[in-house]
Amino acid sequence: MDVNFEKAALAFGTLLQDLKAESVAVLDLREANIWTDFFVIATVSSGKQAGGLESKLMEAAKEMNIEEYRTIRKSPDGDEWKLLDFGSIVVHLMSPTARKFYDLERLWYDKPNLLNT
């Protein structure tokens, strides 16, 4: 079964919005010629919220037959930024501080946010 990754990325974004993540963005990076097609970025209020959202995203991915690629954490402190790598979709669950500091949307300013179209 082929996966429509654009539809899946939008489903992840909508799920995060429904579960009260803030400032959710789904960036279309397909024309950027990088290692992934979509970034899903959301602000979370705590590590506990990020963990709960991660569980829901993993359930949704399983239902859509999308495999997660396990990432190796370089820092033991996972409360600031949780990354889920689904190959063609990379989900970033970030604290407000990390989101402001790394400002991923600014790095990809010319790429469309599919949730706002």
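Visitor: Which side chain meets arginine 30 in a salt bridge at 2.7 Å, N to O?
Guide: That is aspartate 28. Please keep in mind that this is a predicted model.

Visitor: Is aspartate 28 buried or exposed?
Guide: Aspartate 28 counts as buried, because its relative accessibility is 12% and the cut-off for buried is under 20%. Arginine 30, in contrast, is partly exposed, with a relative accessible area of 38%.

Visitor: What else does the side chain of arginine 30 meet in a salt bridge?
Guide: Glutamate 6, with 3.1 Å from N to O. That pair links distant parts of the chain, 24 residues apart. Glutamate 6 lies in helix H1, residues 5-18, while arginine 30 lies in the loop between strand E1 (22-28) and strand E2 (38-43). Glutamate 6 is partly exposed, at a relative accessible area of 28%.

Visitor: Which residues are linked in a network, then?
Guide: Glu6, Asp28 and Arg30 are linked by salt bridges into a network. As a general point, side chains of opposite charge can pair when their charged atoms come close.

Visitor: How many salt bridges are there in the whole structure?
Guide: A search of the whole structure gives six. One of them joins aspartate 103 to arginine 106, with the closest N and O atoms 3.3 Å apart. Here aspartate 103 is partly exposed at 26% relative accessibility, and arginine 106 is exposed at 54%.

Visitor: Let us turn to H1. Which of its residues are buried?
Guide: Ala8, Ala9, Phe12, Gly13 and Leu16 are the buried residues of H1. They sit on the same side of the helix, because the arc they cover around the axis is only 140°.

Visitor: Why would residues some places apart point the same way?
Guide: An α-helix has 3.6 residues a turn, so residues three or four places apart point the same way.

Visitor: What do the buried residues of H1 pack against?
Guide: They pack against E1, E2, helix H2 (47-63) and strand E4 (89-94).

Visitor: And which exposed residues are on the face turned away from the buried side?
Guide: That face of H1 carries Lys7 and Asp18, both exposed.

Visitor: How far apart are the end C-alpha atoms of H1?
Guide: They are 20 Å apart. This agrees with expectation, because 14 residues at 1.5 Å a residue should span 20 Å.

Visitor: What is found at the start of H1, and what comes just after it?
Guide: At the start, a side-chain oxygen of asparagine 4 comes within 3.1 Å of the backbone nitrogen of glutamate 6. Just after H1, lysine 20 has a positive phi of about 75°.

Visitor: A change of topic: where is glutamate 63 found?
Guide: Glutamate 63 belongs to helix H2. Its relative accessible area is 68%, so glutamate 63 is exposed. Its C-alpha atom is separated by 20 Å from that of alanine 50, 13 residues away along the chain.

Visitor: Finally, the strands. How many bridges join E3 to E4?
Guide: Five bridges join strand E3, residues 81-85, to E4, and the two run antiparallel. Opposite leucine 83 stands histidine 92 in E4.

Visitor: What do E3 and E4 form, and what is in the turn?
Guide: They form a hairpin with three residues between them. Glycine 87, in the turn, has a positive phi of about 80°.

Key: Residues numbered from 1 in each chain as written. Predicted model: local features only at pLDDT ≥ 70, side-chain atom pairs only at ≥ 80, totals over all residues. Heavy atoms only, no water. Salt bridge = Lys/Arg side-chain N within 4 Å of Asp/Glu carboxyl O. Helix = DSSP H or I, 4+ residues; strand = E, 2+ residues; numbered from the N terminus. Buried < 20%, exposed > 50% of the residue type's maximum accessible area, 1.4 Å probe, protein only. Expected span 1.5 Å × (residues − 1). Arc of directions from axis to C-beta. Contact = heavy atoms within 4.5 Å. Polar contact = N/O pair within 3.5 Å; in protein donor to acceptor, adjacent residues only side chain to side chain. Pairing = 2+ DSSP bridges.
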